[in-house]
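Okay, thanks for coming, everyone. Let me put the structure up, and then I'll walk through the parts I picked out.

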Amino acid sequence: MNKSKELLEELNPEQISAVTHYKGPMLVLSGAGSGKTRVITHRAAYLVDHYGVEPSNILGLTFTNKAADEMNERLENLLPRQLDGRSPWLGTFHALGAQLLRDLVEELGRGYDRYFTIYDQSDQKKAVKETMVDLDISTEEFQPGMIASLINEAKNDLIGPDEFRSEKAGELDDYTLRMVSRVYNTYQEKLEDWNGLDFGDLIRLPTVLLEKDLESVRRWRERFKFLLVDEYQDTNHAQYVMASQLAAPENNICVVGDDDQAIFSWRGADVSNLLEFEEDYPDARVVHLSRNYRSKKPILRAANAIIENNKLRKQKEMEPERGEGKSITIYNATDEEDEADFLVRQINKLRENGAELGEIAVLYRVNPLSRGVEKKLVKRNIPYEIVRGTRFYERKEVKDVLAYLRVICNPHDDLHLLRIINTPRRGIGSRTEEAIRRSARRRGASVWDVLTGEEEPSELSSRQISRLKAFEEMIEDMRERRGERDLVDYVKGMISEIGYFSFLEKEYDPESAEDRRNNVRELIGQIKETDDETPDLEEFLENVALESDVDSYEDQRNKVSLLTLHSAKGLEFGYVFMVAMEDGLLPHKRSLEEGGMEEERRLCYVGLTRAKNRVILSYTDSRFLYGQRFSHLPSRFLEEIPEEEKIYLEGKPGTLSSEGDGSRVSSGSGGNWKDFVE
DNA sequence: ATGTGGAAAGTTTTT
DNA sequence: CTTTCCACAT
């Protein structure tokens, strides 16, 4: 109780009211740059320090692990002494679901055990495809990815395989409905046989469990007395239910969000969770945080003007607390090469004027757009970091090693077992594989059950059988030796036992083999890093499965950041470039077709409001993308920026144009190149 | 059982 | 342009 006063210093009245609120539901509508993270962390600290809440009774749910880590760090700074060791549970919904299930899955009585494997979306797609092949459903007629996303959608809405047909009756035509329902059912059976869970299950199954009246379940329900949910506008229905279940009956739930920053509806996020919070909890306190401490005025005025065009939103406007600044600069490039040149010139100017590279971000709508920029940055020796689409864990060699580890944890995981059964080659080919797979299917069991079972699939030769036996014994052996040594040594031992490095050498040319070896070493390095905190294989694999792109991203003082608009949410930069401001890309063509215009506008809004000092936008007359040349019109959002907040540039440096309706006149003057850079 | 090449398809955002 | 898939030869 000694820091409470200090915790409230430098907070505005609205922030104080959110921080000091004690029991009962609260909705914090926090606009971009309004000090949201600060409010959440201070609130957690205040609960502990002022109200004497036990830290472990606090649950903080975030959207990414990075956000959770950041919260944790800030909290430790706020309360260095009080916490020591006893900290709140901070993490993502999925991490919470996974942890709860490690404890409780067995209560479901469906054959899962605590060593379950988490399937990411590419694993899931593979499993769906395999299911379709088993069921003889054409993967031409129905794309596996499309079916997978229908299944995900259902899971996000807490619709299980049995309810699918009746629940979705209106939405899909009869035939599609029947097919998808069959796939969903069989897919789910497979997951059970394999002791595997997909992302949707990590939320859906906990909600099923939390309904149960069991001592073990009650412990979880009663564990968290105070909930803090960040980015509430991006929760889906299942997450909403899970949060409500954990908050009941006292409902000390504080949700923080901004409907203008809802950009994940394609993943099942449902803004109505935020918009209807007051109906769910009629006694909720509502706090508006509308003072923006991040962006200079022109940026905020532009962002406000754009977002105002959305119909489906709570009426509000962000109040600028920072001073005047430079106008938004808009550059019309001829093509992506010209655009990248422009970018480099601008970055160099910013640098000359004292900006650090780490304060600069380049944002774009789709990952492939990073290429053109990247190429130029390499050429001009400007350090950069791409917050990635192709992730480290997606590399083949990393996946191979991880597959071994997953199988060691959970040998019923067919998907990964079949990945490694003949990698490195051990003479088990597609025919053998088919035979054991069929046999497993027939028995409704996993391939591992077949391998360890008494009866051998009859159609196999004795040579095949002995090879399978050898594989089985090897895995068995590894499973037994687990825990004997520390994890890093164990994994190293495993890699040499299976001869993975020599396999790489045989398989690839020398330099590529070397690259791949390094990636495996890097993976071992990562185990080492987490080893200190978590010496536990399951936990390591879980972290790998639930890691997001932004998680591994650290603010680098001396590198330009390249990232998608989606990944940029929650971050801030001194200087923000948004490239490819073109109709078809932002707003994206596919969203336009699907009526997602307002979400595209929010995406644009999120991008602009990342910037503290300056925003520089660019578009091209034509660009090369996906192996084709596209001519796009300038983004319609550019027109929504008020004339007085923007300067148009065109073509070569120094030309100030008043294209279009002729009324566009700059507030910066003279068209002098130097003028529009700080 | 494995290796090769060439055709074909798919590219919004991701826990 | 990339990645994935498939048919055919070894």
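So, to start: which residues of the largest nonpolar core touch the most other members? They are L402, F471 and M494, in a core of 48 residues. By nonpolar core I mean a set of buried Ala, Val, Leu, Ile, Met, Phe, Trp, Tyr and Cys residues joined through side-chain atoms within 4.5 Å. Helix α18 gives the most to this core, with 9 residues. Apart from it there's another core, of 44 residues, including F93, L100, L104 and F277.

Before I go on, the housekeeping. This is a predicted model, where local features need pLDDT of at least 70 and side-chain atom pairs count only at pLDDT 80 or more, while totals for chains, interfaces and linings use all residues. Residues are numbered from 1 along each chain as its sequence is written, chains are lettered from A and ligands numbered from 1 in the order in which they are written, and side-chain values use heavy atoms, with hydrogens and water left out.

Back to L402. Leaving aside neighbours within four places in sequence, L402 is in contact (heavy atoms within 4.5 Å) with Y393, L523, F540, L541 and V544.

Now R406, which sits in α18, residues 396–409. Helices here are DSSP runs of H or I, at least four residues, and strands are runs of E, at least two, numbered from the N terminus. R406 is buried yet makes no salt bridge, and the nearest side chain of opposite charge, D123, is 4.8 Å away. Buried means under 20% relative accessible area, exposed over 50%, and partly exposed in between, with a 1.4 Å probe and protein chains only. For charge, Lys and Arg count as positive and Asp and Glu as negative, with His and the chain ends not counted. A salt bridge needs a side-chain nitrogen of Lys or Arg within 4 Å of a carboxyl oxygen of Asp or Glu. What does R406 touch, beyond residues up to four places away in sequence? That list is T117, I118, D413, H416, L541, V544 and A545.

How many salt bridges does that rule give? The count is 49. Take K36 and D230, paired at 3.3 Å, N to O. K36 is in helix α3 (36–49) and D230 in the loop between β6 (226–229) and α12 (237–247), so this pair ties together parts 194 residues apart in sequence. Both of these residues, K36 and D230, are buried.

Then there's R601 with E640, where the closest N and O atoms are 2.9 Å apart. R601 belongs to α29 (597–608) and E640 to α30 (636–640), so here the parts tied together are 39 residues apart. R601 and E640 are buried too.

For contrast, E497 and R481 meet at 2.7 Å, N to O. E497 is partly exposed at 36% relative accessibility, and R481 is partly exposed at 25%. There's also a network of salt bridges linking E130, D134, K190, E434, R437, R438 and R441.

A quick look at α23. D486 caps its N-terminal end, with a side-chain oxygen 2.9 Å from the backbone nitrogen of V488. Buried residues in α23 include L487, Y490, V491 and M494. Just after α23, G499 takes a positive phi of about 65°.

How values were computed:
Polar contact = N/O pair within 3.5 Å; in protein donor to acceptor, adjacent residues only side chain to side chain.
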